[in-house]
Amino acid sequence: MSVERNTRAIEGTVVTDFQDRMSYGGYLDLPTLLSAQRPLSDPEHHDELLFIVQHQTTELWLKLVLHELGAACRLLREDQLAPALKCIARVKHIQKTLTEQWSVLATLTPAEYGQFRGVLGNASGFQSAQYRAVEFTLGNKNAGMLRVFESDPAAHALIQAALEAPSLYDEFLGLLARSGYPILAAVLERDVTTAWTYAPELVPVFTEIYRDPQTHWAAYETCEELVDLEDNFQLWRFRHLKTVERIIGFKTGTGGSSGVPFLQRALDLTFFPELYAVRTEL
């Protein structure tokens, strides 16, 4: 086969002069984006770029997750359930992508990681402000985490705002109350800066919804969407744990945590405990 027959001609209408036009690279600011990967190992270790790209792309996806969850909270507060569910659906797809990404990092062997791990110093995913803001927005709040971000005003402000705002679950319960469901005032008026804890008085409300989905379809569908969110989050946490275990075993983390045992305890955290408890009642 000749070279000429194995090429695709550029159509005459395709724009090729970008002297005064917006280009793909310009719109995405690719020079800035693609210059942000700066390995610190010397000589540069081949696999450090993988480690950096993995975590930078995760942060980009987390930025979008926060964008969508923030919109979902606002829409629930405005009783616009359908568009809120669209935002949640998008987050679910992002979660699947984030979980799949661990398989790329898992190609990093212990020997390979060990050759550049030292340049991380105390840098650790534990210090991801966006990840922490996502957890806070879903209800796993811990004011003590603010100390981690005291040296970074922008990150501290992000976490502070997420701490003080009602969670996605708080907003959903508020919508249910305005829709006529018997949500107790103590639940609606709780201190939203604290982590959500199991509220047994909500289980009868959800039991009614789950026993007659057709009558309560909007609430029922939203409950299941929230369960999907939590399920996906737990899968991400588990995949994270297993990837860390595969690469460093039971070494302590660069940020000072116990490593795998610390990640293991995160699997005991829950966002929407009543939505799981209701299953026992059915």
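Modeller: With that, among contacts between residues at least 6 apart in sequence, 72% join residues at least 24 apart. This is a predicted model, where local features need pLDDT of at least 70, side-chain atom pairs count only at pLDDT 80 or more, and totals for chains, interfaces and linings use all residues. Residues are numbered from 1 along each chain as its sequence is written, and side-chain values use heavy atoms, with hydrogens and water left out.

Colleague: How many helices and strands are there in the protein chain?

Modeller: The protein chain has 13 helices and 0 strands. Both are DSSP runs, numbered from the N terminus: helices are H or I with at least four residues, strands are E with at least two.

Colleague: What does the C-alpha trace span along its principal axes?

Modeller: About 70 × 55 × 40 Å.

Colleague: And what share of the 282 residues is buried?

Modeller: Buried residues make up 42% of them. Buried means under 20% relative accessible area, exposed means over 50%, and partly exposed is in between, with a 1.4 Å probe and protein chains only.

Colleague: On to charges. How many salt bridges does the structure hold?

Modeller: It holds 11. The criterion is a side-chain nitrogen of Lys or Arg within 4 Å of a carboxyl oxygen of Asp or Glu.

Colleague: Give me one. Which residue does Arg178 meet in a salt bridge?

Modeller: Asp79, at 2.8 Å from N to O. That pair links distant parts of the chain, 99 residues apart: Arg178 sits in helix α8 (residues 168-178), Asp79 in the loop between α3 (48-77) and α4 (81-105).

Colleague: Is Arg178 buried or partly exposed?

Modeller: Arg178 is partly exposed, at 46% relative accessible area. Asp79 is partly exposed too, at 42%.

Colleague: What about Arg190 and Asp170, buried or exposed?

Modeller: Both are buried. Their side chains form a salt bridge, 2.9 Å from N to O. Here too the pair links distant parts of the chain: Arg190 is in the loop between α9 (185-188) and α10 (203-211), Asp170 is in α8, and they are 20 residues apart.

Colleague: Which residues do salt bridges with shared partners join into one network?

Modeller: Lys92, Glu225 and Asp228.

Colleague: And which residue does Arg132 pair with?

Modeller: Glu135, with the closest N and O atoms 3.0 Å apart. Both are in helix α6 (residues 129-137), and because they are 3 residues apart, about one helical turn separates them. An α-helix has 3.6 residues a turn, so residues three or four places apart point the same way. Arg132 is buried at 10%, and Glu135 is buried at 5%.

Colleague: While we're on α6, how does it cross α7?

Modeller: The axes of α6 and α7 (residues 153-164) come within 9 Å and cross at roughly 5°. Axes are lines fitted to C-alpha atoms, for helices over the stretch in contact, and angles run from 0 to 180 degrees between N-to-C directions. The two helices are therefore roughly parallel; the scale is under 35 degrees for roughly parallel, over 145 for roughly antiparallel, 65 to 115 for roughly perpendicular, and oblique for the rest.

Colleague: Which residues meet there?

Modeller: From α6, the list includes Arg132, Ala133 and Phe136; from α7, it includes Leu158, Ile159 and Ala162.

Colleague: Switching to α10. What do its buried residues pack against?

Modeller: They pack against α8, α11 and α13 (273-281). Among the buried residues of α10 are Val203, Phe206 and Tyr210.

Colleague: Last topic. Where does UniProt place the "binding site" feature?

Modeller: The unreviewed entry puts it at Phe51, Ile52, Val53, Gln54, His55, Tyr113, Arg117 and Thr254. UniProt positions are in the numbering used here, feature names are shortened, and annotations may be inferred rather than shown by experiment.

Colleague: Where does Thr254 lie?

Modeller: Thr254 is in the loop between α11 (217-248) and α12 (260-266). Thr254 is buried, at 16%. Beyond its neighbours within four places in sequence, its contacts include Tyr113, Arg117 and Leu120. A polar atom of its side chain lies 2.6 Å from the backbone oxygen of Ala123.

Colleague: And Val53, where does that one lie?

Modeller: Val53 lies in helix α3. Val53 is partly exposed, at 36% relative accessibility.

Note on methods. Contact = heavy atoms within 4.5 Å. Polar contact = N/O pair within 3.5 Å; in protein donor to acceptor, adjacent residues only side chain to side chain.
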